[in-house]
Amino acid sequence: MKGYTYPGESPMKQDKGKNYESSKGDQQGPIPKDNIKLQKSEHPDTYVYKGKREFERINDLEERKSFIQEVEFNLGESTKQQKKDKANLEREAEIMRDRIKNKEGKKSYYANKK
């Protein structure tokens, strides 16, 4: 039995862009001093962590992302703004994880995760 042949060029063989390889590694950018403000698609009463503990801040960003996902699930669809806000919250959390992991001389929970 012959397998399926993809019409045109296979997605696995397509050029992924000139910056693809350089962007695959750790996220770049400094850790912001405060958590990012409420996003447009978040409920106005959503709590934003104001403290300085890095792991609490990461948890806050992940929680806020899950609240947006919950609203999407209840509505049965997602808007462009919700997708954008979820990506933004995840990106900020990822930057913080990578910065914590890359701090020299500091043991980190994320340093042992692969």
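**Entry 1: the core**

I began with the largest nonpolar core, which has 8 residues: Ile-36, Ile-58, Leu-61, Ile-68, Leu-89, Ala-93, Met-96 and Ile-100. Helix 2 and helix 3 each supply at least two residues of this core. Helix 3 gives the most, with 4 residues. I jotted down a general reminder here: in soluble globular proteins, nonpolar side chains tend to be buried together. A note to myself before going on: this is a predicted model.

Then I picked out Ala-93 and asked which residues it is in contact with, leaving aside neighbours within four places in sequence. I found Ile-58 and Leu-61.

**Entry 2: the whole chain**

Next I stepped back to see the overall layout. I counted 3 helices and 0 strands in the chain, and the pattern along the sequence reads α-α-α. Helix 1 covers residues 20–23 and helix 2 covers 54–75, while helix 3 takes in residues 80–102.

I also looked up burial: of the 114 residues in the chain, 26% are buried. The accessible surface comes to about 9200 Å², and carbon and sulfur atoms account for 52% of that. Among contacts between residues at least 6 apart in sequence, I noted that 62% join residues at least 24 apart.

**Entry 3: Arg-64 and its partners**

How many salt bridges does the structure hold? I found 9. I started with Arg-64, whose side chain meets that of Glu-42 in a salt bridge of 2.9 Å, N to O. Arg-64 lies in helix 2 and Glu-42 in the loop between helix 1 and helix 2, so the pair ties together parts that are 22 residues apart in sequence.

Are these two buried or exposed? Arg-64 counts as buried at 1% relative accessibility, and Glu-42 is buried too, with a relative accessible area of 8%.

Arg-64 also forms a salt bridge with Asp-60, where the closest N and O atoms are 3.6 Å apart. Arg-64 and Asp-60 sit 4 residues apart in helix 2, so about one helical turn separates them. I checked burial again and found both Arg-64 and Asp-60 buried.

**Entry 4: Glu-72 and Lys-86**

My next stop was the salt bridge between Glu-72 and Lys-86, with the closest N and O atoms 2.9 Å apart. Since Glu-72 lies in helix 2 and Lys-86 in helix 3, the pair ties together parts that are 14 residues apart in sequence. Glu-72 counts as buried at 10% relative accessibility, and Lys-86 counts as buried at 17%.

**Entry 5: a network around Lys-65**

Here I came across a network of salt bridges that links Glu-62, Lys-65, Glu-90, Glu-94 and Arg-97. I followed Lys-65, which lies in helix 2. Not counting residues up to four places away in sequence, Lys-65 touches Lys-86, Leu-89 and Glu-90. I also noted that Lys-65 and Asp-85 are 20 residues apart in sequence and 7.8 Å apart in space, C-alpha to C-alpha.

**Entry 6: Arg-57, without a salt bridge**

Arg-57 is buried yet has no salt bridge. Where is the nearest side chain of opposite charge? It belongs to Glu-54, 6.1 Å away.

I then looked at what does surround Arg-57, leaving aside neighbours within four places in sequence. Its contacts include Ile-31, Pro-32, Tyr-49, Gly-51 and Met-96. Met-96 brought me back to where I started, as one of the residues of the largest nonpolar core.

Methods
Residues numbered from 1 in each chain as written. Predicted model: local features only at pLDDT ≥ 70, side-chain atom pairs only at ≥ 80, totals over all residues. Heavy atoms only, no water. Salt bridge = Lys/Arg side-chain N within 4 Å of Asp/Glu carboxyl O. Buried < 20%, exposed > 50% of the residue type's maximum accessible area, 1.4 Å probe, protein only. Contact = heavy atoms within 4.5 Å. Core = buried A, V, L, I, M, F, W, Y, C linked by side-chain atoms within 4.5 Å. Lys, Arg positive; Asp, Glu negative; His and termini not counted. Areas by Shrake-Rupley, 256 points an atom, 1.4 Å probe, with all protein chains shown as cover.
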